[in-house]
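Here are my notes on the model you asked me to look over. Have it open as you read, and follow the points in order.

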Amino acid sequence: DVARAHADKAAALAAAARVTDELVATQEQLRQTERHQAQVRALCEEVERLQAQVQAHESQLQGMEAQAAAQALDLQRVQEHNTLLDQRNRALEDELAEARRLA
């Protein structure tokens, strides 16, 4: 009877040791999972930060594109004005040459 009690006690201790080992392993897995979750949260925050940065750059680029389009229109106007001035200069030179010829 004592041997049976010792055997039962040994079996119970072995079962408790297995449960304890499983608990320790589960706790370690939980800690790893928490670390991974923290890493994922940090990565998500970094992605959000980068997305905000990309949006800011896209907005800045749109502004620059609008500015470039406005400058292209300004350049076109200046070129047209220069063409008119060149034509006016040629006409004045022709008038001057004609006046010199007649003088």
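**Notes on the helix and its salt bridges**

1. Helices here are DSSP runs of H or I with at least four residues, strands are runs of E with at least two, and both are numbered from the N terminus. This is a predicted model, in which local features need pLDDT of at least 70 and side-chain atom pairs count only at pLDDT 80 or more, while totals for chains, interfaces and linings use all residues. Residues are numbered from 1 along each chain as its sequence is written, and side-chain values use heavy atoms, with hydrogens and water left out.

2. Is Glu48 buried or exposed? Glu48 is exposed, at a relative accessible area of 52%. The cut-offs are under 20% for buried and over 50% for exposed, with partly exposed in between (1.4 Å probe, protein chains only). Between Glu48 and His6 there are 62 Å in space, C-alpha to C-alpha, for 42 residues in sequence.

3. What is the overall make-up of the chain? The protein chain has 1 helix and 0 strands. Its radius of gyration is 44 Å, well over the 13 Å that the globule rule gives for 103 residues, so the chain is more spread out than a compact globule. For the check, the radius is taken over C-alpha atoms, and the rule is 2.2 Å times the number of residues to the power 0.38. Along the principal axes, the C-alpha atoms fill a box of roughly 150 × 15 × 10 Å.

4. Leu75 and Arg49 are 26 residues apart in sequence, with their C-alpha atoms 38 Å apart in space.

5. How many salt bridges does the structure hold? There are 6 salt bridges in the structure, each defined as a side-chain nitrogen of Lys or Arg within 4 Å of a carboxyl oxygen of Asp or Glu. Side chains of opposite charge can pair when their charged atoms come close.

6. One of these bridges joins Asp8 and Arg4, at 3.7 Å from N to O. Asp8 and Arg4 are separated by about one helical turn because they are 4 residues apart in helix H1 (residues 2–102). Asp8 is partly exposed at 41%, whereas Arg4 counts as exposed at 56% relative accessibility.

7. Another bridge pairs Arg77 with Asp74, the closest N and O atoms being 2.8 Å apart. Both residues lie in helix H1, 3 residues apart, or about one turn of the helix. Arg77 is partly exposed at 49%, and Asp74 is partly exposed at 41%.

8. Which residues are linked in a network of salt bridges? Glu28, Arg31 and Arg35 are linked in this way. Within it, the side chains of Arg35 and Glu28 meet at 3.4 Å, N to O. Arg35 counts as partly exposed at 43% relative accessibility, and Glu28 counts as partly exposed at 30%.
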